[in-house]
Amino acid sequence: MKRVQLSGAQKRKRAKENEQKNLSVVAKTGKLLTDFFLQTAEKDDPDQNQCQSSETASESNLSPSSETGSVGARPDFHDDVAHDEVPQPGPSSTTRCVNAFELSKEFRELTKDEMNKAKDPGLWDEFYGDDVTYWVACGPSECQHHNGPFDKSCRNCISGKPKRYCSQKIFFGIKANGEHYKREWLLYSPSKGSVYCFVCKLFAPKGSTHFARNEGFSDWRNTAVIDNHEKSTTHRDAMLTYLTRKQGLGLTQPLEKQIEEEYNCWENVLRRVVAVICTLAERGLAFRGKVEKFGSLNNGNYLGLLELISQFDPFLAAHISRYGNAGKGNPSYLSKTICEELIELMAKKVHSVIIDKINVSGYFSLSVDSTPDLSHVDQLSIVLRYLQVG
């Protein structure tokens, strides 16, 4: 099944619909929480419990189909309070209403801004590009919840059979050689009591598997489904996509590798060229000759030193044979233009270093003199002497 990429307008429309749906759910949740806390406050009030004791005694003989009988049939309810124990007064109804409102407000803010970045996979909605990038960088370790608690995972089976819960066994698999391994991709939701597949939630086509849907997987009687899902093509494709994204690889990976190799190649060429320029400049030797071609005896010291190094450097030899006499319009970093630009940059660097040292020393002397050259043009020379600290 090919995954359809939504346009920007469709994504914004769907996000707006999801936001409105979540806000309506939050409004109903806030009302239910308020009613629940009000009822709890009334139950915790000792005066009200004393007034309702007669009504409770009269309603105890009702049939199981009544509302009171349903509450009394809850499996997690235990009447362990002694008759002579005096119940302690709890928080007031006003305080509980405020707490319910604050909880509803916090849930509403999470639903609007941080739902897809919550550590509970049961709260996740449809993922977009930024959400996928976030979880690829974080990984599944922050939202696994392999240690429970699993109280929300209770599922009713056929009448007469015990209820089923999620256990830590499903988070471990067994290889063909009997070795146990941990299923890092399997996530548990404390709010919904279901398990999800991390990689399928990110990259699998929508609705292709139960482990990527909003309700998740919770059929604890058929845990073999987890093994089948792990071997399915959908899960393997999603896992391959996740590992590729995790390693920083993608569709542009071959192009990025080519760019990096070319960058390293030109960097190595520049290192050798700069070393030759520094050697000639330190000794005050001429750079250029009568002929600016490799292989000529009159090509000057600059090209001559490059040829000398190439006899012992296969990299530079290959570069000269490919770009040495290519002519204008072909970058080689061996031409007189590049050489003069590098000399100018190095001169500016030397000037800046000298000025910084003079500013630090504080004491210096200046000597200026000029003399005409063969073309009767004055050449000005400036000599600076300074006191070096340390």
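**Reading a predicted model, feature by feature**

Me: I see that Leu366 sits in strand β5. Is Leu366 buried or exposed?

Reply: This is a predicted model. Exposed is used for a relative accessible area over 50%. Leu366 has 54% relative accessibility, so Leu366 counts as exposed.

Me: Which residues form a nonpolar patch on the surface with Leu366?

Reply: The patch is made of Phe364, Leu366, Val368, Leu380, Ile382 and Leu384, and together they have about 610 Å² of accessible area. Two elements, β5 and β6, each give two or more residues to the patch.

Me: What lies in the loop between β5 and β6?

Reply: His376 is found there, between β5 (364-372) and β6 (378-386). His376 has a positive phi of about 60°, although it is not a glycine. His376 is also exposed, at a relative accessible area of 71%.

Me: Which other residue has a positive phi without being a glycine?

Reply: Tyr333 is one, with phi near 60°. Its place is the loop between α12 (314-323) and α13 (336-361).

Me: Now the whole protein. How many helices and strands are there?

Reply: The protein has 13 helices and six strands. Of its 390 residues, 23% count as buried. The accessible surface is about 27,600 Å², and 55% of that belongs to carbon and sulfur atoms.

Me: What is Val195 in contact with?

Reply: Setting aside neighbours within four places in sequence, the contacts of Val195 include Cys166, Ile170, Leu186, Phe211, Phe217 and Trp220.

Me: Phe211 and Phe217 both carry rings. How many aromatic pairs are in the whole structure?

Reply: The search finds four. In one of them, Phe211 and Phe217 are stacked, with 5.0 Å from centre to centre and 25° between the planes. Phe211 is buried at 2% relative accessible area, and Phe217 is buried at 7%.

Another pair, Trp266 and Tyr323, is tilted: the centres are 5.6 Å apart and the planes are at 50°. This pair links distant parts of the chain, as Trp266 is in helix α10 (residues 253-283) and Tyr323 in helix α12, 57 residues apart. Trp266 is buried at 16% relative accessibility, whereas Tyr323 is partly exposed at 21%.

Me: Which residues do ring pairs link into a cluster?

Reply: Trp266, Tyr323 and Tyr333. This is the Tyr333 whose phi is positive.

Me: Last, charges. How many salt bridges does a search of the whole structure find?

Reply: There are eight. In one, Arg183 meets Glu230, with the closest N and O atoms 3.1 Å apart. Arg183 lies in the loop between β2 (180-182) and β3, and Glu230 lies in helix α8 (residues 224-230), so this pair ties together parts 47 residues apart in sequence. Both partners count as buried: Arg183 at 4% relative accessibility, and Glu230 at 17%. Arg183 and Glu230 also belong to a salt-bridge network with Asp227.

Me: And what does Glu282 form a salt bridge with?

Reply: With Arg283; the closest N and O atoms are 3.6 Å apart. Glu282 is exposed at 63% relative accessibility, and Arg283 is exposed at 55%. In a further case, the side chains of Arg288 and Glu292 meet at 2.8 Å, N to O. Arg288 is partly exposed at 45%, and Glu292 is partly exposed at 37%.

Note on methods:
Residues numbered from 1 in each chain as written. Predicted model: local features only at pLDDT ≥ 70, side-chain atom pairs only at ≥ 80, totals over all residues. Heavy atoms only, no water. Helix = DSSP H or I, 4+ residues; strand = E, 2+ residues; numbered from the N terminus. Buried < 20%, exposed > 50% of the residue type's maximum accessible area, 1.4 Å probe, protein only. Phe/Tyr/Trp six-rings, centres within 6.5 Å; stacked < 30°, edge-to-face > 60°. Patch = residues over 30% accessible without salt bridge, like charges linked within 9 Å, V, L, I, M, F, W, Y side chains within 5 Å. Areas by Shrake-Rupley, 256 points an atom, 1.4 Å probe, with all protein chains shown as cover. Salt bridge = Lys/Arg side-chain N within 4 Å of Asp/Glu carboxyl O. Contact = heavy atoms within 4.5 Å.
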